[in-house]
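Trainee: Could we go through this model together before I set anything up?
Mentor: Gladly; have the coordinates open beside you.

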Amino acid sequence: MRSIRQIFQGLVVGSFLVASSAGTAVATPVVHTNPPAPETSEEALGQFGACLAGQEDTPQGQLLLLLDHSSSLEIADPQQDRRPASKYLVDQLIEYVDTSDAEIDIQIAGFADDFSAGSWTQLNGEQRSSLHSQIDDYTDNLTPIDTDYVNAFSGAQRSLAENRGDYPSECQAIAWFTDGAFYIDPRTNADDRAEFGTHKPYAPDSPLDTYENAERVRDIGQEEFCRTQGTMDQVRAEGITVLGFALHGVEDDWDFMRNAVEASDCGDITEPAGTFFEAADASELVLAFDAIAQPGHPPFQYSSVPVCDGSACEEGFLTFTLDQAISKIQVLAMSRDTNARPVFISPDGKTLDAADSDFPFDIEQLTEHTVSVELDKPAADAWTGGWKLAMVTSDASGAQEDIADISIRLKSSVGVQWPDELSQKARIGETLEDVQLRLVDSEIDEEIDPDVLEGQVEVASALVDAAGNEYPIVNGQAEDLKTPIDVDLTEAAIGSATINIETRVTTAAATDTDGNEVAGTQLQPVRSQVNIDLQPPANFPQVVSTAQFGALDGETQTAGTVEVTGPGCVWLDSTDVLTSPAETNTITVSSEHADSDSCMEVPADKTIELPLDLEMDTVGNGGINGVLTIQTAPLDEHTRALPTTVAFNAQAMKPLDTARATVSTMIAIIVGVAIPLALFYLMKLFTARIPKATYRYAVVTAARDGSQQLELPAQNEIPTVHHNGSRSMTLGNYKLVAQMSWSPFNQTSVAVTGSSEPSVGSPRAAHAHGHAVLPQDISSQWVVRQKTEDLFEVLFILDGATSTIAVENWKATLASARSGFDDAVHELDILSQAARAKSSKNVKQPSGTGPAGSSSVFVESQSSNRMGSDSFESGDSPDPFGNDPFGDDPFGSSGSGRS
């Protein structure tokens, strides 16, 4: 079993030094294992960090923070230290995007028995409080059932795929935190069976009724998670980096999770491999999260550093040098001694105590044992030269035996970039001439003359084509960047290529205040990746590197496309499937353009989509990934075809399983009278839920006079919600609650609350108790709520899939809202008039008939009778099963069948 201390030791770079007790010589770090040599030290963020660092103008990426919220955390983290640790990660990422102009979308998600998540949010300071609040929700609201890895990652993968947009797939990551191994609980009582279900989607034939059966389902889940083409293969096939954080609690065997994260003995696809961290307790989570908190600026992390008593001591010193290439020092320190704090010795010999308010430190106590300290270059009197850092305590009771774990980030603004002007010019069969990488200062976005550097910069770079062939570019010192080179691409493969650049900055050597020579500090290597398309020769068509398919939501077939720019002719040659759902045996991708005789012709300077069809033999759950081979040829020379590889992916989802409910209902009708009737209503109660599905929602404003016409936001601005099939869900400021109807002939309805203002729903302006009611299938519905006399708020609930059919459904929903908007406004006017009339007569609203704090009484309008007997009902009241949030309604309800 390894702790976070041992993990830190694997991240240490040997040139970052701890001074010896004599103070005259430099010794090795105080660690208990040999650290790796600098050339083998890996950045914790892996491919995700390299992808962000490689984007020059505006780095873009997506991070899903997946937080375990199972009830075992009450034991593993009773102080809830995971809360400040997660907030620290968010805050550091916000600092990164603010200083780098990056665009990172983040989603705070949770898992226990299933996956749940908030909306995707672009990281910035304005979203800080909202993101912190979401972390609080997952920290406070624990789920007593399961630690289900498969459901967690199936939901996370689906969310990333559906919200990827134009982001490179390599710039997506999952930061996965858990305190427990894969575990499935049996459903031993009726409440658990009703709330959490009796089956898992990956084990539909295995009930969770006994401990033995629950263990069998867990074994099935573990097999699905790591099988060939299984969950982790699907995640890695889409280029998603997984960063694992294990908190020691009730579990101490992390081999399964470690293998999954590090792509070792878990699936067949091994790239991108992630990084795995273990924390002995929740305080160490802050240090673990710090390893990934600043893409492009990996920290030095040290364990078991002696804590000094009273004043800085030689045996506790960490020594490093700074020059003008370093813009900021960030220190994160954890010690069991709560009185310990960082103390610096600056190049001019001054002692800078982080706890002293006279010094320009930004200091924050994150947990009882963890402190964060920052110092900017402009704030320090002396910057360039040798620095020392020690942890010092004012507690004289055996402090010498205490140790600290310390993370130090020296932020450099020096980097090497691939020239933008070459990104669109690379063609196979040619030589890229006079390629010259740029040495830049990223803080001011200006090129640096290598001759003015105080320290050293080493560069290693190469181009890797779609077939995995490597073409060296520059390997040497910063001075070598001044000499242009040629890159021979005559044998390269068409398709997506990667420019890999590794930059190593070593600060200038210095002399300390005692006159001792202090070697320069070699920073952690910064790796960047730039993706470019190696284009075919000039008279061949150009094919994009990815094909887009819609989601297979309970279906076995979906359509897709590949963009092609002319001139030329293209056709689909072959398909290589890399991952597929467990239930699926055969997946085929076909096109009407399948050979040179039926190829799709594309005129010069025109972009046309090559149509594709994906079909599988059985409906399943999971990701589908693979590679297409597209043949390209000049318009009049089909025999000169050249192959292009195109990656494709799709998401398959099983529909909501209502078969069990239907069968149970039929049995209940056949057997007896009283018991069947009770079973029937219990089954109605069990199925009175909002369907488990992926939804999107948008809230827009419209005017009474039509001056603000209803329009949906752009697709990438519409939030996505993955609902777990419970009775309620929240969309922005709207709360939706499923209600069971007493009538045996009427279906479940969904009430829309969240405000005391009246609202009406899309099915013929339906409402009950002054609030909109919707059918159980809420997808493609809309709700109107009054904001002011002349302005109204419209909530659109949309199909969450990304298929063409789903987008067409969006258009139909928008058209429905536009055509029904005037009727909805009229209905709201009637409700408001009735409420005012009742208020003027001082009629007190009966207890339980409306939302708390509402003084209005809403009565049935004339238009409610237009619904007719064929309309769904909003649900009768009162409801002894507790599903009616409004109570009895003596005034009547739209569509209720009563007057």
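What follows is a conversation about selected features of the model.

Mentor: One caution at the start: this is a predicted model, in which local features need pLDDT of at least 70 and side-chain atom pairs count only at pLDDT 80 or more, while totals for chains, interfaces and linings use all residues. Residues are numbered from 1 along each chain as its sequence is written, and side-chain values use heavy atoms, with hydrogens and water left out.

Trainee: Okay, how many disulfides does a search of the whole structure find?
Mentor: The search finds three disulfides, a disulfide being a pair of cysteine sulfur atoms within 2.5 Å. One of them joins C226 to C266, with an S to S distance of 2.0 Å.

Trainee: Which parts of the chain does that pair link?
Mentor: The pair links distant parts of the chain, 40 residues apart: C226 belongs to helix α8 (residues 211–226), and C266 sits in the loop between α10 (255–262) and β9 (275–279). Helices (H or I, at least four residues) and strands (E, at least two) are DSSP runs, numbered from the N terminus.

Trainee: And why is the disulfide of C226 and C266 called left-handed?
Mentor: The torsion about its S-S bond is about -85 degrees, so the disulfide of C226 and C266 is left-handed.

Trainee: What else is in the loop between α10 and β9?
Mentor: D265 is placed there, and its phi is near 60 degrees, a positive value in a residue other than glycine. P272 is found in that loop too, and a cis peptide bond, with omega about 0 degrees, joins E271 to P272. As background, most residues other than glycine have a negative phi, and most peptide bonds are trans.

Trainee: Where is P567, which also has a cis bond?
Mentor: P567 lies in the loop between β33 (557–565) and β34 (568–579), and the cis peptide bond that joins G566 and P567 has an omega of about 15 degrees.

Trainee: Switching to charges, how many salt bridges are there?
Mentor: A search of the whole structure finds 25, where a salt bridge is a side-chain nitrogen of Lys or Arg within 4 Å of a carboxyl oxygen of Asp or Glu. Among them is D233 with R236, whose closest N and O atoms are 3.9 Å apart; both residues lie in helix α9 (residues 231–237), three residues apart, about one turn of the helix.

Trainee: Which residues gather in the patch of negative charge?
Mentor: On the surface, E433, D434, D486, D488 and E491 gather in that patch, and β20 (431–435) and β25 (485–488) each supply at least two of its residues. Such patches are made of residues with over 30% relative accessible area and no salt bridge, like charges being joined within 9 Å and nonpolar side chains (Val, Leu, Ile, Met, Phe, Trp, Tyr) within 5 Å. The accessible areas come from the Shrake-Rupley method with a 1.4 Å probe.

Trainee: Last topic, strands: what is the order in the open sheet of five?
Mentor: The order is β42-β43-β44-β47-β46, with antiparallel pairing, where two strands pair if DSSP finds at least two bridges between them. The edge strands, β42 (728–731) and β46 (767–768), each pair on one side only. Four bridges join β42 to β43 (residues 734–739), and M729 stands opposite L736 in β43.

Trainee: Which residues are opposite V440?
Mentor: G415 stands opposite V440 in β21, and in β22 the bridge partner of V440 is E447. Strand β21 (residues 438–441) pairs with β19 (residues 414–417) over four antiparallel bridges, and two bridges join β21 to β22 (residues 446–447), again antiparallel.

Definitions and conventions: Lys and Arg count as positive and Asp and Glu as negative; His and the chain ends are not counted. The place of a charge is taken as NZ of Lys, CZ of Arg, CG of Asp or CD of Glu.
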